[in-house]
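Open the model in a viewer with the sequence panel beside it. The stops below say what to select and what is found there.

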Amino acid sequence: MKEATKYIHAGAHPDPSTGAIMTPIYQTSTFVQEAPGSNKGFEYARSQNPTRFALEEALAIIENGKYGLAFGSGVAATDGVIKLLQPGDEVIAGSDMYGGTYRLFSKVFEKFGIKFIYVDTTNPANIKAAVTRNTKLIWLETPTNPLMNITDIAAVAVIAKEAKALLCVDNTFASPYLQKPLDLGADIVMHSVTKYLGGHSDVIQGALVMNDKELRDQLYFIQKSCGAVPGPMDCFLVLRGIKTLHVRMQRHCENGAAIAKWLRNHPKVNKVYWPGFEDHPNHAIAKKQMKDFGGMISFELKDDSVENAKRVLSSTKIFSLAESLGGVESLINHPASMTHASIPREERIKNGLTDSLIRLSVGIEDAEDLIADLQQAIG
Ligand SMILES: *Cc1c(COP(=O)(O)O)cnc(C)c1O
């Protein structure tokens with residue numbers, strides 16, 4: 001089946017009781033059994049829910065995976081992966097990644113004796129050098145939030161195999177439309193479904209997709225034992241979101257390219273982070289492993305004072321000042337004080353995330369309107 005057809009039909013089966021073409025919202029906590037031990041495959045909705053199952057099937061199909069698992073949020077999905085580990089195990093992760101992932105690793109899991117080693121993953125040799133016999137997981141985010149660094153997933157998959165460690169890729173920024181980590185050798189794909197998959201800024205959800213049955217069973221056990229499952233209404237909204245993912249992503253990419261190029265030519269803009277530029281340090285890998293370059297852009301102004309950044313952040317009229325990304329509407333964000341405030345300042349600065357960096361999630365509005373809005377805000 002071709003890509004576009006998959007987004008429309010993945011996980012969609014007419015409802016067995018009525019023929020409803022859309023999977024109903026099974027808003028129920030439990031399922032009546034005919035006799036003890038005799039049920040229709042559904043016992044209790046933390047373990048099984050038909051709306052969630054439809055979504056999990058869709059997630060697997062669109063990531064070219066065999067199994068999908070949905071969670072109550074992106075960080076709950078990440079939490080599920082780390083719970084595969086034991087005290088003494090080591091995780092190699094990127095030094096530039098989503099602040100909430102860093103917070104979960106450093107503030108929640110470190111105290112349980114799991115060790116996290118942060119390296120610049122854009123050079124896979126750094127990962128290889130950090131491998132020890134205790135390395136059990138390599139955690140990659142590509143493109144990274146917010147600096148748009150790209151890591152060669154296939155190269156890291158080879159290192160993970162040699163180390164007998166799992167490779168999990170946070171595919172939130174790319175979405176399955178732009179990048180399919182399982183095809184490149186990853187063991188698990190993680191999503192903040194809240195972003196492009198949901199696509200309409202109306203749901204918090206996470207997901208994991210994998211091919212290995214044993215790994216799926218372990219993660220399903222964690223999903224039901226720890227209980228961070230999404231509600232059926234949220235699963236319905238995401239099933240609806242997925243149907244237009246490819247169409248939305250095409251426009252996100254078109255608008256993203258137009259705005260990145262416009263920003264780069266703006267006399268008051270200093271640096272633009274967008275992997276579509278030929279002189280982006282990882283452009284060749286982005287081109288190899290991604291279908292297009294997405295709608296996420298970060299930039300610095302020539303006057304790089306925090307006051308000037310704050311002035312621009314408060315002056316846009318179409319771009320809304322808000323955390324999150326991947327919705328149809330454009331958002332503007334200040335990573336240092338918003339999405340990445342949980343990373344210590346020295347760490348942030350060391351990785352190139354300055355106090356004046358501005359991040360855009362380019363929506364699917366008219367590109368001319370978006371450019372005009374940025375023009376009046378930058379001045
Ligand atoms: C938002 C985000 C997360 C966390 O997901 P939630 O749904 O907010 O819990 C993880 N990784 C990346 C790259 C994100 O942007």
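Start with helix 4 and select its buried residues, where buried means under 20% relative accessible area, exposed over 50% and partly exposed in between (1.4 Å probe, protein chains only). They pack against helix 3 (74–82), strand 2, strand 3 (115–119), strand 4 (135–141) and helix 13 (345–350). Helices (H or I, at least four residues) and strands (E, at least two) are DSSP runs, numbered from the N terminus. The selection is Gly 99, Gly 100, Thr 101, Tyr 102, Leu 104, Phe 105, Ser 106 and Phe 109. Helix 4 (residues 99–109) is mostly covered, with 8 of its 11 residues buried.

This is a predicted model, in which local features need pLDDT of at least 70 and side-chain atom pairs count only at pLDDT 80 or more, while totals for chains, interfaces and linings use all residues. Residues are numbered from 1 along each chain as its sequence is written, and side-chain values use heavy atoms, with hydrogens and water left out.

**Whole chain**

Zoom out. The chain holds 14 helices and 12 strands, and its C-alpha atoms fill a box of roughly 75 × 50 × 35 Å along the principal axes. The radius of gyration, taken over C-alpha atoms, is compared with a globule rule of 2.2 Å times the number of residues to the power 0.38. For 379 residues a compact globule would have a value near 21 Å, and the chain agrees, with 21 Å. Colour by accessibility: 55% of the 379 residues are buried. Of the contacts (heavy atoms within 4.5 Å) between residues at least 6 apart in sequence, 72% join residues at least 24 apart.

**Glu 90**

Select Glu 90, in strand 2 (residues 90–94). Leaving aside neighbours within four places in sequence, the contacts of Glu 90 include Lys 115, Ile 117, Thr 132 and Asn 134.

**Salt bridges**

A search of the whole structure finds 14 salt bridges. Show the side chains of Arg 52 and Glu 56, which meet in one of them at 3.2 Å, N to O. Both residues are buried. They are 4 residues apart in helix 2 (residues 50–62), so about one helical turn separates them.

Go next to Asp 79 and Lys 83, whose salt bridge is 2.6 Å, N to O. Asp 79 counts as buried because its relative accessibility is 17%, whereas Lys 83, at 34%, counts as partly exposed.

Then select Lys 213, Arg 216 and Asp 217, which are linked in a network of salt bridges. Within this group, the side chains of Asp 217 and Lys 213 meet at 3.0 Å, N to O. These two are 4 residues apart in helix 8 (residues 213–226), again about one helical turn. Asp 217 is partly exposed at 33% relative accessibility, and Lys 213 is partly exposed at 44%.

**Ile 153**

Move to Ile 153 in helix 6 (residues 153–163). Ile 153 is buried, with a relative accessible area of 0%. Beyond its neighbours within four places in sequence, Ile 153 is in contact with residues including Leu 140, Thr 142, Leu 167 and Val 169.

**Backbone stops**

Most residues other than glycine have a negative phi, and most peptide bonds are trans. Select Thr 142 and Pro 143, which are joined by a cis peptide bond with omega of about -5 degrees. Pro 143 is found in the loop between strand 4 and helix 6. Pro 146 is in the loop between strand 4 and helix 6, and the peptide bond from Asn 145 to Pro 146 is cis, with omega near 10 degrees.

For positive phi, select Lys 164, where phi is near 55 degrees. Lys 164 lies in the loop between helix 6 and strand 5 (166–170) and counts as exposed, at 74% relative accessibility. End at Ser 201, with a phi of about 50 degrees, in the loop between strand 6 (188–192) and strand 7 (206–210). Ser 201 is partly exposed, with a relative accessible area of 46%.

Conventions:
A salt bridge is a side-chain nitrogen of Lys or Arg within 4 Å of a carboxyl oxygen of Asp or Glu.
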